[in-house]
Amino acid sequence: MNALPPSIADHSDEDLLALYADGVPDGPWLRVNFVTTLDGSASAGGRTADLGGDDDLRVFDLLRRTADVVLVAAGTVRDEEYGPMVLHDADVDWRRAHGMPDHPVFAIVTGSAGLDPSSRVFTEAPVRPIVLTSASGAASERGRALAEVADVVACGDDSVDVTAVVRALGDRGLERIHCEGGPSFFGALIAADLVDELTLTVDPTLEGGEGPRIATAPSGSSAAAGLRRMRPAHVLLGADGVLLTRYVRA
């Protein structure tokens with residue numbers, strides 16, 4: 001018997017929001033969102049844009065809709081050519097109806113404060129972004145320049161402490177964290193046992209090249225001991241065989 005998962009096409013946006021909210025408690029929650037090929041690559045040709053298709057983008061937008069903050073490492077911001085964190089009108093309307101600010105805060109992690117303050121990420125941001133960096137990065141010339149266009153927060157001395165990152169966001173009331181990568185940052189979150197949920201889109205392609213895993217060990221660290229057990233929450237079938245999966249902390 002060839003039983004397939006339910007189709008995402010049969011679900012309204014409200015249906016999907018309910019699915020992705022199921023089991024999420026009040027208070028802090030860190031969700032990580034990634035796409036992968038069948039053979040485990042987090043990108044195709046160095047970018048994720050060709051993976052996942054329209055159904056992945058639909059879920060991607062809905063997950064941003066419910067977030068207090070979108071958290072991304074600086075390398076991913078550069079590689080994926082992020083712009084300002086501006087949601088679609090329908091998402092803004094939903095957030096207003098639910099008593100939320102129009103847009104989530106954009107929080108960017110960089111150990112060296114290596115970001116361009118003249119980027120559209122900052123100059124066209126509807127909400128003042130947050131740069132989470134090291135104390136040395138915050139004190140550098142680059143850090144001081146970024147402080148003109150963003151809130152610069154030191155989370156560690158010479159490198160970024162991911163536990164301090166999550167704590168700093170929580171201290172600002174930004175408890176629903178939606179993380180969009182990249183692999184090294186995800187690996188650091190796993191090592192610190194901070195991941196509550198993974199929403200993973202599986203694109204039915206074989207990359208066969210040198211694309212990275214969705215999570216890699218932090219630079220200079222040894223492999224984290226033990227496995228982080230996750231529980232499957234749902235699987236949906238998208239167009240062209242894409243699978244949209246959700247796992248939560250077991």
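**Nonpolar cores and overall architecture**

In the predicted model, the largest nonpolar core comprises 33 residues, with Val-32, Leu-71, Leu-132, Leu-169 and Leu-189 making the most contacts inside it. A nonpolar core is here a set of buried Ala, Val, Leu, Ile, Met, Phe, Trp, Tyr and Cys residues joined through side-chain atoms within 4.5 Å, buried meaning under 20% relative accessible area (1.4 Å probe, protein chains only). At least two residues of this core are supplied by each of β1 (29-37), β2 (69-73), β3 (105-109), β4 (130-133), α8 (162-171), β6 (176-179), α9 (183-191) and β7 (197-203). The largest share, 5 residues, comes from α8. A second, separate core of 15 residues includes Tyr-82, Ile-108, Phe-122 and Leu-146.

Beyond its neighbours within four places in sequence, Val-32 is in contact (heavy atoms within 4.5 Å) with Cys-179, Phe-186, Leu-189, Val-195, Glu-197, Leu-198 and Thr-199. Of the contacts in the chain with a separation of 6 or more, 70% join residues 24 or more positions apart.

The chain contains 9 helices and 9 strands, assigned as DSSP runs (H or I, at least four residues; E, at least two) and numbered from the N terminus. Its radius of gyration, taken over C-alpha atoms, is 18 Å, close to the 18 Å given by the globule rule (2.2 Å times the number of residues to the power 0.38) for 250 residues, so the chain is as compact as a globular protein of that length.

Residues are numbered from 1 along each chain as its sequence is written, and side-chain values use heavy atoms, without hydrogens and water. Local features require pLDDT of at least 70 and side-chain atom pairs pLDDT 80 or more, whereas totals for chains, interfaces and linings use all residues.

Key. Buried < 20%, exposed > 50% of the residue type's maximum accessible area, 1.4 Å probe, protein only.
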